[in-house]
Amino acid sequence: MLRIDDAQAVLPGGAAVPAGIPREIFTAAVDTFVAGQRLDMRSLARRVGVARATLYRRAGNREQLLDELLWWRARHLLVDQLRASEELAGTERLVTVIGGVLRAITRDRPLRTFLASDPETALRLLTGPRSTVHLGMASALEKLIDL
């Protein structure tokens with residue numbers, strides 16, 4: 001059984017929707033991303049029924065919103081892999097979690113679509129030194145190793 005403290009130790013912030021983005025905006029952005037569509041702020045504003053300026057005030061710019069969305073999805077992958085490896089310990093668990101995350105990423109069709117359609121933004125958000133995804137994954141890996 002996954003110990004609550006394991007998930008909290010690896011992901012202290014949990015896997016909830018980002019607190020700083022209204023749920024309806026975040027959900028619409030996730031739906032757009034999962035459908036393989038480009039996240040366009042003008043279309044997103046229309047979809048949630050707010051002015052574009054209001055959308056930017058509430059959710060940040062496109063890259064900020066995508067960064068939060070990608071990190072949210074990554075946290076879910078990590079939690080899934082922690083659950084799948086709950087009976088393991090040490091190096092075996094570490095290898096299993098990392099391998100599971102990497103396999104899940106390779107099967108992630110929306111992520112592959114994003115990488116293919118907007119590679120510069122995708123790589124900047126996934127590997128950039130200031131990206132939430134990059135910093136969060138590095139921190140989670142560090143905590144997983146400590147665990």
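Leaving aside its neighbours within four places in sequence, which residues is Leu88 in contact with? Let's start there. This is a predicted model, and in it Leu88 lies in the loop between α5 and α6, the latter spanning residues 90–107. Beyond its sequence neighbours within four places, Leu88 is in contact with Arg93 and Thr96. Leu88 counts as buried because its relative accessibility is 17%, and the cut-off for that label is under 20%. Along the chain, Leu88 sits 43 residues from Ala45, and the C-alpha atoms of the two are separated by 45 Å.

Ser85 has its place in that loop between α5 and α6 too. With a relative accessibility of 0%, Ser85 counts as buried. If you set aside residues up to four places away in sequence, Ser85 touches Arg93, Thr96 and Val97.

Two packed helices are described by the angle between their axes and the distance between the axes. For α5 and helix α9 (residues 132–146), the axes come within 9 Å and cross at roughly 20 degrees. The two helices are therefore roughly parallel to each other, since angles under 35 degrees count as such. The crossing in which α5 passes α9 is right-handed. On the α5 side, the contact is made by Asp67, Glu68, Leu70, Trp71, Ala74, Leu78 and Leu82. The α9 side contributes Thr132, Val133, Gly136, Met137, Ala140 and Leu144.

Helix α2 meets α5 at another angle: their axes come within 10 Å and cross at roughly 75 degrees. That makes α2 roughly perpendicular to α5, because the range for this label is 65 to 115 degrees. Here Phe26, Ala29, Val30, Phe33 and Val34 of α2 meet a set of α5 residues. On α5 these are Leu65, Leu66, Glu68, Leu69, Leu70, Trp72 and Arg73.

While you are in α2, which covers residues 23–34, have a look at Thr32. Its relative accessibility is 9%, so Thr32 counts as buried. The side chains of Thr32 and Arg47 are joined by a polar contact of 3.1 Å. Not counting residues up to four places away in sequence, Thr32 touches Gln37, Arg38 and Leu39 as well as Arg47.

Next comes helix α4 (residues 52–59), whose buried residues are Thr54, Leu55 and Ala59. They cover an arc of only 105 degrees around the axis, which means that they are on the same side of α4. As background, an α-helix has 3.6 residues a turn, so residues three or four places apart point the same way. The buried residues of α4 pack against α2, α3 (41–48) and α5 (62–84). Just after α4 you will find Gly60, with a positive phi of about 80 degrees.

Our last stop is Ala122 in helix α8 (residues 119–127). Ala122 counts as buried because its relative accessibility is 0%. Apart from neighbours within four places in sequence, Ala122 is in contact with Phe114 and Leu115. Ala122 also leads back to Leu70: these residues are 52 apart in sequence, and their C-alpha atoms are 9.5 Å apart in space.

Note on methods. Residues are numbered from 1 along each chain as its sequence is written. This is a predicted model: local features need pLDDT of at least 70, side-chain atom pairs count only at pLDDT 80 or more; totals for chains, interfaces and linings use all residues. Side-chain values use heavy atoms; hydrogens and water are left out. Helices (H or I, at least four residues) and strands (E, at least two) are DSSP runs, numbered from the N terminus. Buried means under 20% relative accessible area, exposed over 50%, partly exposed in between (1.4 Å probe, protein chains only). A polar contact is a pair of N or O atoms within 3.5 Å; within protein, one must be able to donate a hydrogen and the other to accept it, and residues adjacent in sequence count only if both atoms are side-chain atoms. Contact means heavy atoms within 4.5 Å. The arc is that of the directions from the helix axis to the C-beta atoms. Axes are lines fitted to C-alpha atoms, for helices over the stretch in contact, and angles run from 0 to 180 degrees between N-to-C directions. Angles under 35 degrees count as roughly parallel, over 145 as roughly antiparallel, 65 to 115 as roughly perpendicular and the rest as oblique. A crossing is left-handed if the near helix is turned anticlockwise from the far one by less than a right angle, and right-handed if clockwise.
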